[in-house]
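Please open the structure in a viewer and keep its sequence at hand.

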Amino acid sequence: MGALRDRMQQDLDFAGFADATKRVYLSAAAELARFHRRSPAEMTQEHVRAYVQHVLGLGLSAGRVRQHFSSIKFLFSKTLGRPEVVSFLSWPHDPEPLPVVLGATQVDALLQALRSPVYRVLFTTVYGTGLRIREACALETRDIDAARGVVHVRHGKGNKERLVMLSRRLLAILRAYWKVVRPTPPWLFVSPITARPVNPNGARAALRSAARDAGITKRVTPHMLRHSFATHLLDAGTELRVIQVLLGHASIATTTRYARVSTGLIGKTTSPLDRLPTSRE
């Protein structure tokens with residue numbers, strides 16, 4: 001795509017997209033160009049419709065299809081200034097599954113099974129704050145604000161910053177960890193091999209291994225700890241709006257799904273049957 005790719009890269013930078021999202025968008029735009037063997041600048045809506053039909057026939061997940069369509073829409077609407085070409089596009093939606101969570105005893109067993117102190121404290125922080133794995137890996141020592149009792153998330157999704165709580169227990173764990181490990185400044189969680197921030201993929205592998213050692217049969221991921229953080233907060237009576245802010249959700253609708261798996265919230269709800277003046281058994 002040449003110059004057009006550079007322009008799209010610049011527009012994505014202006015829009016503040018995360019690096020991973022920019023790579024996906026540029027890759028999808030390049031696939032469009034390869035499919036028709038011409039620059040998107042020369043394409044009509046019919047070209048785009050043909051490519052859309054091709055993508056829909058690949059058997060991709062709804063999420064992957066959305067990535068292709070989002071890329072095309074950004075390319076024509078923003079970079080090429082021709083939104084009418086992609087005005088017909090609609091987004092497919094995945095059926096929304098219930099979040100999979102761990103019980104408190106399972107979380108404790110999982111964290112204890114992590115042999116590396118770096119990974120153990122990393123995932124303790126994920127569960128204790130609800131951070132995404134990439135957010136946790138990017139933490140710096142200056143982000144731990146003991147005086148205010150908060151953690152400053154500087155590298156949130158969509159480059160959005162936020163504050164999350166810093167519990168006394170987590171602060172004590174982080175202080176003990178720092179004294180023993182002495183991570184390379186400015187990072188908090190550093191690979192001993194690269195002296196760079198821990199790689200999220202390596203962290204995921206360590207978590208899977210710990211789950212097996214802990215006897216957990218579920219497929220455990222870092223995001224499951226984030227789900228567990230939110231659900232356990234809701235079980236304890238924390239308001240959804242507070243959880244929304246802690247998780248960095250743009251919409252409360254995203255956060256409300258945890259109400260569907262909060263056994264504490266569901267169990268404490270009174271059935272209308274119990275309010276009837278008389279009962280028949």
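The model is predicted. Begin by selecting Leu 110, Leu 122, Phe 123, Leu 174, Phe 189 and Leu 225: within the largest nonpolar core, which has 45 residues, these touch the most other members. Next, colour the elements that surround them. At least two residues of this core are supplied by each of the helices H5 (104-113), H6 (117-129), H7 (133-137), H8 (168-181), H9 (200-213), H10 (222-235) and H11 (240-247), and by S2 as well. Which helix gives the largest share of this core? The answer is H10, with six residues. In soluble globular proteins, nonpolar side chains tend to be buried together.

Now centre the view on Leu 122. With neighbours within four places in sequence set aside, Leu 122 has contacts with Ile 133, Ala 136, Cys 137, Phe 189, Val 198 and Ala 203.

The next selection leads away from the largest core. Another core, of 22 residues, lies apart from it; Leu 4, Leu 32, Val 55 and Phe 76 are among its members.

Phe 76 is also one of the buried residues of helix H4, so display residues 62-79, the extent of this helix. Its 18 residues should span 26 Å at 1.5 Å a residue, and the end C-alpha atoms lie 25 Å apart, which agrees. Buried positions in H4 include Ala 62, Val 65, Phe 69, Ile 72, Leu 75 and Thr 79, and also His 68, Ser 70 and Ser 71. Just after H4, select Gly 81, whose phi is positive, at about 65 degrees.

Three of them form an open sheet in the order S1-S2-S3, and their pairing is antiparallel. Strand S1 (144-145) and strand S3 (162-165) are the edge strands, each pairing on one side only. Between S1 and strand S2 (residues 150-153), which run antiparallel, there are two bridges. Select Ile 144 to see Val 151 of S2 standing opposite.

The last stop is Arg 169, in helix H8. Is Arg 169 buried or exposed? Its relative accessible area is 66%, so Arg 169 counts as exposed, the cut-off being over 50%.

Definitions and conventions: Residues are numbered from 1 along each chain as its sequence is written. This is a predicted model: local features need pLDDT of at least 70, side-chain atom pairs count only at pLDDT 80 or more; totals for chains, interfaces and linings use all residues. Side-chain values use heavy atoms; hydrogens and water are left out. Two strands pair if DSSP finds at least two bridges between them. Helices (H or I, at least four residues) and strands (E, at least two) are DSSP runs, numbered from the N terminus. The expected span of a helix is 1.5 Å times one less than its number of residues. Buried means under 20% relative accessible area, exposed over 50%, partly exposed in between (1.4 Å probe, protein chains only). A nonpolar core is a set of buried Ala, Val, Leu, Ile, Met, Phe, Trp, Tyr and Cys residues joined through side-chain atoms within 4.5 Å. Contact means heavy atoms within 4.5 Å.
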